[in-house]
Amino acid sequence: MKPRFVETFVPPAATFLLTTAAAEFGIRAAGVSPLLLPTPSAVARAALQHAPTLLPALAMTAQAVAIGLALSIALGLLVAIALSTSRWVERAFYPYAIFFQIVPIVAIAPLLVIWFGYGMRAVVAAAFIVSVFPVIANSLAGLLSVDPALRDLFRLYGASGFARLWKLSLPWALPNVLTGLRIAAGLAVIGAIVGEFVGGGGLGVVVLEAMRQQRTDLVFAAVLHAAALGLALFAAVNATSHFALRRWHTQETEP
Amino acid sequence: MTPSPLPRYPAFMSAPEPTAAPTGVAVRVRGACRVFRSAGEADVVAVDGVDLSIAAGEFVAILGPSGCGKSTLLRMIAGLEPLDAGDLGFGAGGGAPKNALAYVFQDAHLLPWRDVLANVALPLELQGRASGERRDAALRAIAAVGLADAARRHPAQLSGGMRMRVSLARALVTEPRLLLLDEPFAALDEITRQDLDDQLRALWAATGMTVLFVTHSIAEAAFLAERAVVLTRRPARVVLEHALDLPAQRDAALRGDARFAREMSVLYEALRRGNGKAA
């Protein structure tokens, strides 16, 4: 157990310490203006000093991301299930699902404010729009890849449509759904921050305010908080994935 | 993953009773044809006018070259593939026997998220049986294929041979009257394969079900079946129907027997003829 912990955490920690130290001394030695590039220590000071602003903003963004992502999973899965029911449905609607993939979220964010007003709802909508496509695309790929022999088996024993979906297609697609979710988690954070630039609230507004006041250190601190949020979501999806799929693959514990 | 030692078979398996009451269902195929059509390509005639009559409780091997349409024929009997011409009848009634049919695929095709017990119980679950009944029947079927110790393991923790046993148990759990097998042991190593052949033969003798076994292996057909049906290269037609003159009690020694060699050469000749030498 112990060596594995060391293997997992020591190398990235060493990289972090080295690059941070290098940045600190490099920026000081080169005499770069803190308006352009603050030292890591200045960013850390700003983060501590503005914690009363940053932490509530982080909580607000996290909430919008969580709701947006939950909507993406629920609606994305429903859409994928609907598209998987027939080739014709897929051909008729899938090209329009790609809209969510190609829509420039920055360009339509003002539209979302017009529709949903300033505040949380527009931000949630932005997070949803950018994160739903990977859920649809990956879930659909999983639902369509079900082993034909297993479909035959279910048919042979007269399984209902519901049993086929619940006991075969959905569990079969689970690894793909989780892959989609992993991509969606990172995108939802981006969508929420862009939404906040226009719709207000959260870390997006902290970034805008700090920029107006030329507080580059605070911009960095806010960006780090957003990155931490993305990382936490990514880790949560990975943990879920590990837990849900641990039985599918050969286990290290052989009885 | 280390292969676990082969489990001991339950008592009834080491000494199969060939006199078990026949519970099997008879199968009659008349003029069965199946043509695969796809846009922009020539039609492929997979099965062309096959007649087949299988008695209740019989063990028949369907032998033919790879890709000859023998799997299609088996799928037609299972109701997984429509007949473009001809007809299909079961038993005395003629209709497809409900819940009496089981199918074993070329590979195990288990659900990776379910353990052995839940995989084997799946057919009963889909048929809507009560959970206690499912569990008891699944445990019996698992014991019958010699996997009692592995009931709680997942497919990823099993060897290829063990997975195939699970697949066999899943087919047996509904106590089928007609068992259809599509080259089920083709991907296994020789020893595991012979072991499963022995086991299948013993299960057949113990239950009296009708077994239709598709294979491209002459030795496997001769060892397992009471009767062999040899098909031609695609489109599949019957070249030879041959009752195998071998003892009911079959074991490893039989493979070295002169009678076994003679039957194999008969099947080999038919297979060669069907392969286009004199068609």
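View 1. B:Ala228 sits across from B:His242 of strand 9 of chain B. The model is a predicted one, where local features need pLDDT of at least 70, side-chain atom pairs count only at pLDDT 80 or more, and totals for chains, interfaces and linings use all residues. Residues are numbered from 1 along each chain as its sequence is written, with chains lettered from A and ligands numbered from 1 in the order in which they are written. Strand 8 (residues 227-231) and strand 9 (residues 238-243) of chain B run antiparallel and are joined by 5 bridges. Strands count as paired if DSSP finds at least two bridges between them. Strand 8 and strand 9 of chain B make a hairpin, with 6 residues between them. Helices (H or I, at least four residues) and strands (E, at least two) are DSSP runs, numbered from the N terminus.

**View 2. The open sheet of chain B.** Here the 6 strands line up in the order 5-6-7-3-8-9, with mixed pairing. Strand 5 (101-104) and strand 9 of chain B are the edge strands with a single partner strand each, so one side of each has no neighbour in the sheet. On average, neighbouring strands of this sheet are turned by 15° against each other, direction ignored. For angles in these legends, axes are lines fitted to C-alpha atoms, for helices over the stretch in contact, and angles run from 0 to 180 degrees between N-to-C directions.

**View 3. Strand 5 of chain B and its partner.** Strand 5 pairs with strand 6 (residues 178-182) of chain B in the parallel sense, over 4 bridges. B:Leu101 stands opposite B:Leu178, and B:Ala102 stands opposite B:Leu179. Helix 5 (residues 160-172) of chain B packs on the sheet, touching strand 5 and strand 6, and its direction makes about 170° with that of strand 5. Contact here requires C-beta atoms, placed from the backbone, to lie within 7 Å. Which residues of strand 5 of chain B point one way, and which the other way? B:Leu101 and B:Tyr103 go one way, B:Ala102 and B:Val104 the other, and all are buried. In a regular strand, side chains alternate between the two faces of the sheet. Buried is 20 or more other C-beta atoms within 10 Å of a residue's own, exposed is 12 or fewer, and partly exposed is in between, with C-beta atoms placed from the backbone.

**View 4. Helix 2 of chain B, mostly covered.** Of the 9 residues in helix 2 (residues 70-78) of chain B, 8 are buried. Among them are B:Lys70, B:Arg75 and B:Met76. Zooming out, buried residues make up 43% of the 279 residues in chain B, whose secondary structure comes to 8 helices and 9 strands.

**View 5. Two domains in chain B.** Chain B is assigned domain 1 (22-100 + 178-277) and domain 2 (111-175); the bounds come from an automatic or database domain assignment. The domain centres, taken over C-alpha atoms, are 25 Å apart. Their contact takes 10 residues from domain 1 and 9 residues from domain 2 of chain B. On the domain 1 side, helix 6 (residues 190-207) of chain B gives the most, with 4 residues. That side of domain 1 has 7 nonpolar, 3 polar and no charged residues. In this sorting, Ala, Val, Leu, Ile, Met, Phe, Trp, Tyr, Cys and Pro count as nonpolar, Asp, Glu, Lys and Arg as charged, and the others, Gly among them, as polar.

**View 6. The largest nonpolar core.** This core has 148 residues, and A:Ala126, A:Ala127, B:Leu63 and B:Ala169 touch the most other members. Helix 7 (residues 120-144) of chain A gives the most to this core, with 17 residues. Domain 1 and domain 2 of chain B both give residues to this core, so it lies between them. A nonpolar core is a set of buried Ala, Val, Leu, Ile, Met, Phe, Trp, Tyr and Cys residues joined through C-beta atoms within 7 Å. Not counting residues up to four places away in sequence, B:Ala169 touches B:Val120, B:Ala141, B:Ile142, B:Ala144, B:Val145 and B:Leu147.

**View 7. Where chain A meets chain B.** The contact takes 19 residues from chain A and 16 residues from chain B. On the chain A side, helix 8 (148-156) and helix 9 (161-199) are the elements that give two or more residues. Helix 8 of chain A gives the most, with 7 residues.

Definitions and conventions. Contact = placed C-beta atoms within 7 Å.
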